[in-house]
Amino acid sequence: MNLALWIGAGLLAVVALAGGVIKASTPREKLAASPGGAWTQDVGAGSVKALGVLEILAAAGLILPAVVDVAPVLVPVTALCWVLLMVGAAIVHGRRSEFQFAALNLIYLVLAAFIAWGRFGPESFTG
């Protein structure tokens, strides 16, 4: 179980880091033209960049606290925050009838929920 949680956290961290770097470094107009990026037309460029920074921080929060053994409780807290973020993302994509992206958000949500459950519960770093 511990290995599955580490693999899940690693995969989710890669997703968060990639999405965050893209959102933080790519102009909104270019994002809007990419598949699944049309939602960026409905928000300000600053909001897109801020979301990108939050995703980069989430990538760090899923891995670093446990690796350096400083406040490892932040791992499941970050996973729980990712669940909330994916609820919002799925709603945005669903409202835009981008159901393939909403489904992908739900997959990430389930993975994050598994990590939160596992790290708050049976495979807690504090136990």
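This is a predicted model: local features need pLDDT of at least 70, side-chain atom pairs count only at pLDDT 80 or more; totals for chains, interfaces and linings use all residues.
The residues of α1 that are buried are L5, G8, A9, L12, A13, A16, G19, G20 and K23. The helix has 24 residues, and from first C-alpha to last it reaches 34 Å, close to the 34 Å expected at 1.5 Å a residue.

Now to α4, residues 74-95. It has 22 residues and spans 31 Å between its end C-alphas, close to the expected 32 Å. Which residues of α4 are buried? They are V75, P76, T78, A79, W82, V83, M86, A89, A90 and H93. Why are they on the same side of α4? Because they cover an arc of only 155° around the axis. As background, an α-helix has 3.6 residues a turn, so residues three or four places apart point the same way. On the other side of α4, L84 and R95 are exposed. What do the buried residues of α4 pack against? The partners are α1 (2-25), α3 (45-68) and α5 (99-120). Just after α4 comes S97, with a positive phi of about 60°.

Searching the whole structure gives one cavity of 30 Å³ or more, and the volume of the largest cavity is about 30 Å³. Its lining is made of L5, W6, A9, L62, A66, V75, I115, R119 and F125. The elements giving two or more residues to that lining are α1, α3 and α5, and α1 has the largest share, three residues. By class, the lining has eight nonpolar residues, no polar ones and one charged. Two of the names in the lining, L5 and A9, were also in the buried list for α1.

The largest pocket holds about 730 Å³ of space. It is lined by 28 residues, and K23, G36, W39, E55 and H93 are the closest to its centre. Which element gives the most to this lining? That is α4, with seven residues. The lining divides into 17 nonpolar, nine polar and two charged residues.

The second largest pocket has a volume of about 160 Å³. Lining it are L51, L54, E55, L57, A58, T78, C81, W82 and L85. Here α3 gives the most, with five residues. E55 is in this lining, and E55 is also among the residues closest to the centre of the largest pocket.

Conventions
Residues are numbered from 1 along each chain as its sequence is written. Side-chain values use heavy atoms; hydrogens and water are left out. Helices (H or I, at least four residues) and strands (E, at least two) are DSSP runs, numbered from the N terminus. The expected span of a helix is 1.5 Å times one less than its number of residues. Buried means under 20% relative accessible area, exposed over 50%, partly exposed in between (1.4 Å probe, protein chains only). The arc is that of the directions from the helix axis to the C-beta atoms. Contact means heavy atoms within 4.5 Å. On a 1 Å grid over the protein atoms alone, a cavity is a set of points where a 1.4 Å probe fits but cannot get out, and a pocket is an open set with protein on both sides within 12 Å along at least five of seven lines; lining residues have an atom within 4 Å of a point. Grid points are joined across faces, edges and corners, and a volume is the space filled by probe spheres set on the points. Ala, Val, Leu, Ile, Met, Phe, Trp, Tyr, Cys and Pro count as nonpolar, Asp, Glu, Lys and Arg as charged, and the others, Gly among them, as polar.
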